[in-house]
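Please look over the sequence and the structure before reading on.

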Amino acid sequence: MLTINEIKQIDVEKDDIPATPSVKAVVLSKSQLEKGTGNTKPKFFAVIADETGSISVTIYNDKDYDKFIVGFGVVLINILLKQSYVAVTSRSDVAICKSFAIPDDVTKNAVSLPGQEVPSLKSAMLSPVKTILSVKAKVVKVINHDDTLDDVSSEEEDINGDEPANLELPSGTLVAVFEVDPYLACPRSACNNKKLITVLEKEKYLMQCKNCMSRYRGDNCNLYIRSTMLLKSNPDGETKKVTIFKPNILKMFESRGVSSTITADKNEMFENLLEIIPFDIKYTLINNTIKEMVCKRPMVP
C-alpha cells in the first residue's frame with residue numbers, strides 16, 4: 001500500500017510506477033454522480049485522506065458510488081496515478097473498511113472537491129500545490145482527456161476440490177470488504193450450493209441450477225452467501241482479494257458474538273461484516289477461495 005504522500009511524490013512522467021498501485025484512506029467528501037453522455041462514462045469525484053495527506057479521486061465506475069461513504073475507510077487497488085490526482089477505473093477494485101484517525105492538519109488543509117469554486121484564477125494560483133479547484137475562465141486551448149481502461153468483468157463461483165493436508169496454516173487479517181452477495185442456491189447436496197438463475201416457465205418465474213438443470217420455487221432453495229474481501233497476509237503484508245462462503249462467514253460472526261442468521265438483505269450483511277473487521281484468521285487458500293479457516297479470538301484488554 002502506498003501512502004497519499006508517497007503518491008504525490010511520484011513523477012508519473014519519469015518515475016517507475018508500482019504494478020498495482022493501491023492506497024488505504026478515509027473518504028472526506030464526495031460529489032454527485034455525473035451521468036455519461038455519448039462516449040463519456042458516468043463519473044464522480046471524492047477527496048480521500050490518510051495520516052500523510054489528502055488527494056482528489058476521479059471515479060469512472062458508477063457501480064462504486066455507494067462504496068464511497070463519507071467518514072468511512074476505503075481501500076483502492078490498481079488505481080491510475082495522475083500528476084495531481086488518482087483515478088478509479090473499471091479495472092480498479094474498491095473495498096470498504098473501518099475508518100481511522102486523520103490528523104487535524106490534514107483535514108484542515110485537505111484538497112477541495114472538484115466543483116467547489118474559487119473567486120478567481122489568482123486565488124487558485126495561491127492555493128497549495130496539487131490542490132484540485134474549479135474556476136471560471138476563458139478556454140484558450142482544449143486538451144484531450146486520457147481514455148479509461150476497457151471494462152473487465154469477472155464471475156466468482158464456488159470451487160470443488162479435495163481439501164489439502166492439515167499442515168501449519170498461514171495467518172493473515174481480513175481488512176476490507178469488496179462485495180457481499182446473498183443468493184439462492186441449489187438444495188441438492190451434489191451441486192455444492194451452486195448459485196441459481198431465474199427462468200420463466202409457463203408464465204411463472206422459477207430458479208434453475210446450471211449444474212443439474214433442476215428447477216425450484218424460491219421457497220424451496222437454500223439461502224447462501226459469499227463475500228469478496230481483502231486479505232493481508234502475515235508476515236510479508238501482501239494483500240490479496242479472496243472469496244469467503246457461508247460456512248466461514250458464519251464462523252466469523254459466531255466468534256465475535258454477532259447474530260449468525262444469514263439474510264437476503266445485502267446491506268445488513270455488509271454492515272455486519274464491517275462491524276467485525278479487521279479480523280485475524282489462519283486459513284487455507286485454493287484458487288483465491290478460503291476453504292479452511294481458524295478464527296483468532298480478539299485480545300481481551
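## Terms and model

Two residues are in contact when heavy atoms of theirs lie within 4.5 Å. The model is predicted, so local features need pLDDT of at least 70 and side-chain atom pairs count only at pLDDT 80 or more, while totals for chains, interfaces and linings use all residues. Residues are numbered from 1 along each chain as its sequence is written, and side-chain values use heavy atoms, with hydrogens and water left out.

## Gly73

Gly73 lies in strand 4, residues 73-77. Strands (E, at least two residues) and helices (H or I, at least four) are DSSP runs numbered from the N terminus. Leaving aside residues up to four places away in sequence, Gly73 touches Ala25, Val26, Ala95, Ile96, Cys97, Lys98 and Ser99.

Is Gly73 buried or exposed? Gly73 counts as buried because its relative accessibility is 0%; buried means under 20% relative accessible area, exposed over 50%, and partly exposed in between, with a 1.4 Å probe and protein chains only. Asp50 is 23 residues from Gly73 along the chain, and their C-alpha atoms are 9.4 Å apart.

## Helix 4

Helix 4 covers residues 246-255, and its buried residues are Asn248, Ile249, Leu250, Met252, Phe253 and Ser255. Their cover includes strands 8, 12, 13, 14 and 15, together with helix 5. Just after helix 4, Gly257 has a positive phi of about 75°.

## The whole protein

The protein has 5 helices and 15 strands. Of its 301 residues, 40% are buried. Among contacts between residues at least 6 apart in sequence, 60% join residues at least 24 apart.
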